Amino acid sequence: MMTALATEPVLEVPRDGELPYLVEHWYLASRTRRYMIVRRIREVLERSGFRPGARVLDLGPGWSYGPLWASQSGAKVTGVDLGLDQLLWAQRALNPARAFSLVQANAKALPFRDQSFDAIVSAEMMEHVFRPDRPQVLREAARVLRPGGSFAISTPNPHSPIERVKALAVRWPALRRRLPSGCFPEAADDAAEYHPYRYHHPISGADLARGLEAAGFAVAGVRHFLFVAKTLPDSLLGVARAAERFAEALPLVRGLGATTLVWGTKR
């Protein structure tokens, strides 16, 4: 079951003032980076299977492009994030009419009643969740989702070439200096030092699926996608997207896609 989304929101974001990192360095940076960030969100929303009128929880929406798109597609959306700065920006810049709700909270203790939602979505959030807390976060997600409710979660694929290079770069400073800025898997599992913006530890599709099953979900599918590099010149984006479609059709290649998507329902 796939969600029929409204047309992709195209934002006119003023460049004055301080912007969230993903807005300034991704959505506004280039056509290539905009394509990448929007596609990740679109894949999650489409695979979530929500219908107009559904109560949807977005875990870790950050600057809240996902809640905006889902609400324009007819969902009743609540976004939950630890980052108050991003939520305040999103409320002001994207949600002045209060078309969706934004709540600052920790996903390991969601401030909602049992079975409050029909669907859960999460795009590129699980890698920032403190690893010891991940089982509890998944249990909380299961608690607030009604039986039979759907979910779709994406996270960077640790087996992709870029994540493998990042892991090497943590050990080889010379390599790291040659790479563009980004999140690296180097933050320790130290609760006193934890900060979601600095913590980046991707989880494999197989491990995420096992964690979801243990929390009470039934996993329906796992796939990998996205082969466009963020440093690609905009002039080559059309060619790169065609090559990407080809790569994602090849069984022995698509497992190297930069993003993992897992979806299913609550048992």
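Arginine 176 lies over the face of phenylalanine 184, 4.2 Å from the ring centre. Likewise, the charged end of arginine 47 sits over the ring of tryptophan 263, at 4.0 Å from its centre; here a charge sits over a ring if NZ of Lys or CZ of Arg is within 6 Å of the ring centre and within 35 degrees of the ring normal. The model is predicted, with local features requiring pLDDT of at least 70 and side-chain atom pairs counting only at pLDDT 80 or more, while totals for chains, interfaces and linings use all residues. Residues are numbered from 1 along each chain as its sequence is written, and side-chain values use heavy atoms, with hydrogens and water left out.

Turning to ring pairs, a search of the whole structure finds nine aromatic pairs (rings of Phe, Tyr and Trp, the last by its six-membered ring, with centres within 6.5 Å; planes under 30 degrees apart are stacked, over 60 edge-to-face, the rest tilted). One of these, tyrosine 65 with tryptophan 69, is edge-to-face, at 5.8 Å centre to centre and 80 degrees between the planes. Both tyrosine 65 and tryptophan 69 are buried (under 20% relative accessible area, with exposed over 50% and partly exposed in between, for a 1.4 Å probe and protein chains only). The rings of phenylalanine 130 and tyrosine 194 form a tilted pair, with centres 5.4 Å apart and planes at 50 degrees. Phenylalanine 130 counts as buried at 9% relative accessibility, whereas tyrosine 194 is partly exposed at 24%. Ring pairs also link Tyr27, Trp63, Tyr65 and Trp69 into a cluster.
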